[in-house]
Amino acid sequence: MKILVTGGLGFIGSHTVVELQNEGYEVVIIDNCSNSSEDVLVGIENITGKKPFFEKIDLRDRKKVNDFFKKHSDVAGVIHFAASKAVGESVKIPLTYYENNIGTLVYLLQELQEKDDANFIFSSSCTVYGQADELPITENAPVKTAESPYGNTKQIGEEIIRDTCKVTPKLKAIALRYFNPIGAHKSTEIGELPLGVPQNLVPFITQTAMGLRDKLSVFGDDYDTPDGTCIRDYIHVVDLAKAHVIALTRLLKNKNKENYEVFNLGTGTGSSVLEVIKSFEKVSEQSLNYAIVDRREGDITAAYADTTLANDELGWKAELDLDEAMRTAWKWEQKVRNK
Ligand code: WQD
């Protein structure tokens, strides 16, 4: 079966391509390489022995999207990662985010509406919850006003898919709300490659340890948490990738209960920034240079997932812990910098 993975050269996309191939799916990648490199194809092939078919297409080009679906009419399912995802950047250039994250979603759904059997997995985010009133966070937690245009594009994206599924019975879709993806494939063939100064915690930690950054700034230790630093649910990217394959297979085998479903993807365990640093120091056997600074605007105090629904309905549970994620993130950073 042929599966389209948009953004398949990206961090989560490339790990999902590997797991799809491991399950025997034929993979076609669309990526515009705005935040990724074609070299990732080599990494994927080195892991699985199979080079995915790749087309460099910008999903904002409506005609190219239509031509693709004409050429690949046998695509059985789509996993849609391609989007802009930097929270801070989205505040500065909102229209770029709305065009790239919403416009392209509409083009993809318009193509899928034409198919007799369409299966769609959407990359969403725990960002839609904002600071949830109750922890752990279930899928029924209220979606709050987004703190950023990026978060808003995920909320709007889910609503667009929900509304389209309502009037398109032959379209089955699942939105996967990721918590904080970290780590890398154990082979060190693929991993996270942030362009420029990393916005996220873990790549900043590994780049600091590598000497690329002077020190890590810990954004505040005066939150209402046990050690004062923010709590997040850090999920290994390989666990996350496996969940995508399970969710897609659920749709392909018509095991879904509704034709639009939502699942949280996290470990169910919250870790503070200081606990992440401690984990890194343990697995790398070196101390990290960091300093406590002021809070970062827009950060929420704590978020971690109630994973009951994914456990029960998908039969999926995260298997890799924080130490393993930090170990693979560090191995990957060393590999990339010592090339
Ligand atoms: C985690 C914690 C920071 C950097 C974002 C998006 C979310 C998803 C994951 C895309 C926070 C602290 C961070 C640093 C720090 N992205 N931190 N120093 O903000 O939870 O989630 O990325 O889907 O949608 O919102 O992740 O890694 O930026 O921050 O102290 O240099 O680490 O304050 O508490 P976040 P993050």
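Strand E11 (residues 260-265) is mostly covered, with 6 of its 6 residues buried (under 20% relative accessible area, with exposed meaning over 50% and partly exposed in between; 1.4 Å probe, protein chains only). Helices (H or I, at least four residues) and strands (E, at least two) are DSSP runs numbered from the N terminus. The model is predicted: local features need pLDDT of at least 70 and side-chain atom pairs count only at pLDDT 80 or more, while totals for chains, interfaces and linings use all residues. Residues are numbered from 1 along each chain as its sequence is written, and side-chain values use heavy atoms, with hydrogens and water left out.

Tyr 260, Val 262 and Asn 264 point one way from E11, whereas Glu 261, Phe 263 and Leu 265 point the other way. Strand E6 (residues 171-178) runs parallel to E11 and is joined to it by 6 bridges; two strands pair if DSSP finds at least two bridges between them. Leu 265 of E11 is the bridge partner of Tyr 178.

Leu 265 is also among the residues with the most contacts inside the largest nonpolar core, together with Ile 3, Leu 20, Ile 29, Ile 121 and Leu 176. This core has 39 residues, a nonpolar core being a set of buried Ala, Val, Leu, Ile, Met, Phe, Trp, Tyr and Cys residues joined through side-chain atoms within 4.5 Å. Helix H8 (residues 237-252) gives the most to this core, with 9 residues. A second, separate core of 24 residues includes Ile 30, Leu 112, Phe 120 and Ala 175.

Helix H7 is largely enclosed by the rest of the structure, because 8 of its 9 residues are buried. These are Leu 201, Val 202, Pro 203, Phe 204, Ile 205, Thr 206, Gln 207 and Thr 208. Their cover includes strand E7 (180-182), E8, E10, H9 and H11. Just after H7, Gly 211 takes a positive phi of about 90°.

The buried residues of H9 are Val 273, Val 276, Ile 277, Ser 279, Phe 280, Val 283 and Ser 284. Seen down the helix axis, they fall within an arc of 160°, so they line one face of H9; the arc is that of the directions from the helix axis to the C-beta atoms. The buried residues of H9 pack against elements including helix H7 (201-209), strand E8 (216-219) and helix H11 (322-337), where contact means heavy atoms within 4.5 Å. The face turned away from the buried side of H9 carries the exposed residues Lys 278 and Lys 282. Just after H9, Glu 285 takes a positive phi of about 55°.
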